[in-house]
Amino acid sequence: MITRVARRCRGFSYPTIAPGSQQHKTAMIARHLSTSGTAAAETDDGEEEVEEKPRWPGGGGGGGGGNRPRMRPADARSPWRQQRFPPQAKAGRCDPDFRGFEVVFMGTASSMPTKFRNTTCIALRLDGTTYLIDCGEGAQRQFTQTEFRPRTIDRIFITHMHGDHIFGLPGVICMIGQQGSPGRPPTQIYGPVGLRAWLRTTLCLSEAGVPNKYAVHELVPPGGQRRSTRRGLSMLMEDPPHVDELPGRDIACGGDGLWLVHQDERYVVQAGALRHSVPCYGYVIAERTRPGRFSVEKALAAGVKPGVSYAMLQRGETITLPDGRLVRPMDVLGQSRRGRKAVILGDTCDSRSLLDVAQEADILVHEATLSDDIAGEAMKRGHSTSTMAGNFARAIDARKLILTHFSGKFEGAVNNQRFPDQIQNLNQDQAGGLGYSRSIKDMIRAARQAFGKPDVIAARDLMSVPVFLSDEPPVAKSAP
Ligand SMILES: [Zn+2]
């Protein structure tokens with residue numbers, strides 16, 4: 001039982017730390033972590049567990065920035081500050097030079113922000129570029145809590161038009177434009193019909209500028225009809241574009257029931273319609289099949305000298321040797337390897353449109369707004385429970401499931417000090433000791449049971465989850 005004594009100060013209520021309380025223990029642990037990096041802690045279940053050093057994105061192991069102090073010494077000295085400002089939120093945990101494939105949760109609340117959660121916003125960092133999925137109010141400030149560089153955001157994908165998913169968008173695209181270097185490409189934004197008019201109106205009426213320009217591409221429902229039944233929407237669509245707006249595409253639904261939203265030489269983004277109270281989409285971001293590993297031994301045996309020829313072969317080009325012999329990529333490359341795949345869904349109570357394209361996702365981000373005991377209410381509002389999320393994860397044979405978009409009623413007694421900054425191994429929460437509130441723990445257990453795997457975790461604000469490369473051959477539903 002945690003003892004709390006409320007103390008009034010300038011209109012706010014601050015809890016005091018009672019010696020021997022859980023918060024007091026946490027402060028002691030934090031102090032220990034700041035010097036040793038490892039602590040033995042007592043779990044909520046009363047069991048003893050060893051908490052590992054937090055690992056930073058791109059850190060590998062040991063030096064080179066891989067492991068940094070969990071929190072600044074000043075934080076460790078001040079239990080007050082730990083209580084009010086979670087350490088990961090203060091210091092930020094995103095390597096600015098990260099290269100790889102990583103999901104960063106900038107906001108994990110549904111409906112409205114809570115003390116520890118901002119509204120929905122997810123950053124997918126992809127080898128130097130960043131895709132943003134949804135952009136709830138306060139997203140700009142979340143970026144300031146990390147070392148994340150918003151100017152790396154090239155594309156923004158909006159799942160639906162509810163405010164907790166879009167109210168931060170105008171500010172974020174203005175920020176990207178102001179932080180970008182001269183000549184930075186325009187920001188490409190994708191989303192439901194109505195997004196273009198809403199953004200245009202907001203930017204025009206606030207006389208805001210987007211120095212690097214922007215374009216909005218809308219996903220048009222099957223049949224080609226534009227949804228213009230809302231008050232004034234059809235009229236707004238005829239307004240002249242914002243001065244910084246570039247023409248956007250109307251993206252039609254394909255014969256497979258999916259929208260081909262974006263593709264380039266490395267990634268393919270497809271969308272499927274979800275069942276929610278307004279038009280809503282889930283996005284599948286898939287890395288294209290990667291070539292096999294380059295064999296230096298085979299290249300040397302074939303008479304290829306190191307240098308430009310190696311790069312040409314790796315790019316899939318056939319080269320001609322000075323003696324006239326041809327060396328093909330297949331002569332020096334191993335078997336093709338599967339690309340990584342992230343499935344990030346908007347609000348949903350039915351995601352079956354994505355069953356095929358989402359198969360064997362490396363990571364599935366699924367909303368779990370409500371708990372199973374109020375599943376009927378969840379369905380009625382077009383939302384999911386954690387069991388529903390687990391069922392979908394099982395149906396697509398996902399590798400990892402991350403739950404997010406929690407109702408504020410689950411804030412509970414979240415313990416922010418004992419949660420790792422980056423999740424390398426989703427099984428590490430087996431003991432349930434990572435600081436979830438009791439109800440969130442229950443949701444994780446339910447999701448694991450439905451999923452049939454332990455690889456489930458609940459997202460927290462500013463948490464990052466890397467997706468690693470593997471040498472496995474491509475799967476049937478990989479990106480083309
Ligand atoms: Zn919604």
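Two strands count as paired if DSSP finds at least two bridges between them. Helices (H or I, at least four residues) and strands (E, at least two) are DSSP runs, numbered from the N terminus. What you see is a predicted model, where local features need pLDDT of at least 70, side-chain atom pairs count only at pLDDT 80 or more, and totals for chains, interfaces and linings use all residues. Residues are numbered from 1 along each chain as its sequence is written.

Now the sheet. It is open, has seven strands with mixed pairing, and runs in the order S13-S14-S15-S18-S19-S20-S21. Strand S13 (258-263) and strand S21 (456-458) are the edge strands, each pairing on one side only. On average, and ignoring direction, neighbouring strands are turned by 20 degrees against each other. For angles, axes are lines fitted to C-alpha atoms, for helices over the stretch in contact, and the values run from 0 to 180 degrees between N-to-C directions.

Helix H14 (residues 386-395) packs on this sheet, where it touches strand S19 (363-367), strand S20 (401-404) and S21. The direction of H14 makes about 155 degrees with that of S20. Contact here means that two C-beta atoms, placed from the backbone, lie within 7 Å.

Let me stay with S18, residues 341-345. How does S18 pair with strand S15, in the parallel or the antiparallel sense? The pairing with S15 (residues 280-287) is antiparallel, over five bridges. With S19, S18 pairs in the parallel sense over three bridges. Ala342 of S18 can be followed both ways: Ile285 stands opposite Ala342, and in S19 the bridge partner of Ala342 is Ile363.

S18 is also mostly covered, with five of its five residues buried. Buried means 20 or more other C-beta atoms within 10 Å of a residue's own, exposed means 12 or fewer, and partly exposed is in between, again with C-beta atoms placed from the backbone. In a regular strand the side chains alternate between the two faces of the sheet. On one side of S18 are Lys341, Val343 and Leu345, on the other Ala342 and Ile344, and all are buried.

That brings me to the core. A nonpolar core is a set of buried Ala, Val, Leu, Ile, Met, Phe, Trp, Tyr and Cys residues joined through C-beta atoms within 7 Å. The largest one has 91 residues, and those with the most contacts inside it are Ile122, Val343, Leu401, Leu403 and Ala447. Its largest share, seven residues, comes from helix H15 (residues 438-451). A second, separate core has five residues, including Ala299, Leu313, Val327 and Val332.

Leaving out residues up to four places away in sequence, Ile122 touches Val103, Phe105, Met106, Ile133, Asp134, Ile344 and Val365.

Most residues other than glycine have a negative phi, and most peptide bonds are trans. Phi of Asp134 is positive, near 65 degrees. Asp134 sits in strand S7 (residues 129-135) and is buried because 28 other C-beta atoms lie within 10 Å. Ser111 has a positive phi too, about 70 degrees. Ser111 lies in the loop between strand S5 (101-107) and strand S6 (121-126), and it is partly exposed because 16 other C-beta atoms lie within 10 Å.

Next, helix H8 (residues 195-205), whose buried residues are Leu195, Arg196, Ala197, Trp198, Leu199 and Leu203. After H8 comes Glu207, with a positive phi near 50 degrees.

For the chain as a whole, the count is 15 helices and 22 strands. Of its 480 residues, 44% count as buried. Among contacts between residues at least 6 apart in sequence, 69% join residues at least 24 apart.

Finally, confidence. pLDDT is the predictor's confidence in each residue, from 0 to 100. The chain averages 75, and 68% of the residues score at least 70. Where pLDDT is low, the predicted coordinates should not be read in detail.
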